[in-house]
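Here is a short briefing on one protein model.

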Amino acid sequence: MSSNPDFDRWYAASKVRVVMRPSHQLETFGATLVNYHLISELPDYPGKVRVREGRLEAHQPQIITPHFNEITMEGFGDEGRAYVEWLRQNEENLRILRYGYHLKTDNFSEQIVTDSLAVVTERVKKSVIESGDRFSAVVQGQDEPWDVALVELWRREVMRSAEHNIRELHEKGKLFRRD
C-alpha cells in the first residue's frame with residue numbers, strides 16, 4: 001500500500017475482476033444474500049493466495065421521492081419559480097431508488113493456499129458452479145484494501161439490477177410512470 005489511501009482505494013477498485021457474478025439480479029421486493037468468494041494474491045509471498053468468503057446482504061431498494069412542495073424560494077425570478085412549479089407537477093416521475101447492504105461477518109472465513117491465482121480461481125469457480133448457488137460471486141481483487149473489492153462488486157450489482165428493479169416496481173406497484 002502507498003502513503004496515499006485515496007490512491008490505494010482507487011487502485012483496488014480499478015483492479016477488481018468479477019470472474020463469476022450471481023446468476024440472479026438483486027431482488028426488487030425483498031432482501032438478497034450475495035455469497036462472495038474474494039481471491040487475492042499475497043503481494044509479499046509468491047505462490048500464496050488468500051480466499052475470503054462471506055456474504056453481503058442487499059436490502060430491498062427503497063424509493064426516494066423529493067418533496068418540492070416544501071421548497072421555499074427567495075430572490076428567484078419568474079423562470080426559477082416556473083421551473084420549481086414544473087418540478088412540483090412532475091414530482092411522481094422524479095423518484096430514485098436507494099440500495100443498502102450489510103456486510104455479514106457471521107459467515108466470514110479466510111484461508112491461505114499455495115498455488116497460482118489462476119488455479120485457485122478456477123477451483124473456487126468450479127466449486128461454486130457445482131454448489132448451484134445462484135447468488136454467489138467469485139471476485140479477484142487486491143489483498144489490501146480487500147474490502148474495496150466488495151464495495152465495487154456491490155456497485156456493479158446495483159447497476160446491473162436497477163433497470164430490472166424499476167421495471168418490476170412499475171409493473172407491480174405502479175410506482176414509476178413511463179411515458
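F7, W10 and Y11 make a nonpolar surface patch of about 340 Å². This is a predicted model, in which local features need pLDDT of at least 70 and side-chain atom pairs count only at pLDDT 80 or more, while totals for chains, interfaces and linings use all residues. Residues are numbered from 1 along each chain as its sequence is written, and side-chain values use heavy atoms, with hydrogens and water left out.

**Surface patch**

- Patches are made of residues with over 30% relative accessible area and no salt bridge; like charges are joined within 9 Å, and nonpolar side chains (Val, Leu, Ile, Met, Phe, Trp, Tyr) within 5 Å.
- Accessible areas come from the Shrake-Rupley method with a 1.4 Å probe, and for residues only the protein chains shown count as cover.
- F7 sits in helix α1. Helices (H or I, at least four residues) and strands (E, at least two) are DSSP runs, numbered from the N terminus.
- The relative accessible area of F7 is 40%, so F7 is partly exposed. Buried means under 20%, exposed over 50%, and partly exposed in between (1.4 Å probe, protein chains only).

**Salt bridges**

- The whole structure holds 14 salt bridges. Each is a side-chain nitrogen of Lys or Arg within 4 Å of a carboxyl oxygen of Asp or Glu.
- R9 pairs with D6, with the closest N and O atoms 2.2 Å apart. Both residues lie in helix α1, three residues apart, about one turn of the helix.
- R9 is partly exposed at 40% relative accessibility, whereas D6 is exposed at 52%.
- R21 forms a salt bridge with E157, and their closest N and O atoms are 3.8 Å apart. R21 lies in the loop between β1 (17–20) and β2, and E157 in helix α4 (residues 147–173), so this pair ties together parts that are 136 residues apart in sequence.
- R21 is partly exposed at 44% relative accessibility. E157 is buried at 2%.
- R52 forms a salt bridge with E144, the closest N and O atoms being 3.8 Å apart. The pair links distant parts of the chain, with R52 in strand β3 (residues 48–58) and E144 in the loop between β7 (136–140) and α4, 92 residues apart.
- R52 is buried at 2% relative accessibility, whereas E144 is partly exposed at 43%. Salt bridges that share partners join R50, R52, E110, D143 and E144 into one network.

**Largest pocket**

- The volume of the largest pocket is about 390 Å³. Its lining has 22 residues, and the closest to the pocket centre are E41, P43, Q142, D143 and E144.
- Helix α1 (5–14) and strand β2 (32–41) are the elements that give two or more residues to this lining.
- The lining divides into nine nonpolar, five polar and eight charged residues. Ala, Val, Leu, Ile, Met, Phe, Trp, Tyr, Cys and Pro count as nonpolar, Asp, Glu, Lys and Arg as charged, and the others, Gly among them, as polar.
- On a 1 Å grid over the protein atoms alone, a pocket is an open set of points with protein on both sides within 12 Å along at least five of seven lines; lining residues have an atom within 4 Å of a point.
- Grid points are joined across faces, edges and corners, and a volume is the space filled by probe spheres set on the points.

**Backbone and chain contacts**

- The peptide bond from E144 to P145 is cis, with omega near -10 degrees. P145 lies in the loop between β7 and α4.
- V151 is in helix α4 and is partly exposed at 43% relative accessibility.
- V151 and A13 are 138 residues apart in sequence, but 8.3 Å apart in space, C-alpha to C-alpha.

Note on methods:
1 Å grid on protein atoms, 1.4 Å probe; cavity = no way out; pocket = protein on both sides within 12 Å on 5 of 7 lines; lining within 4 Å.
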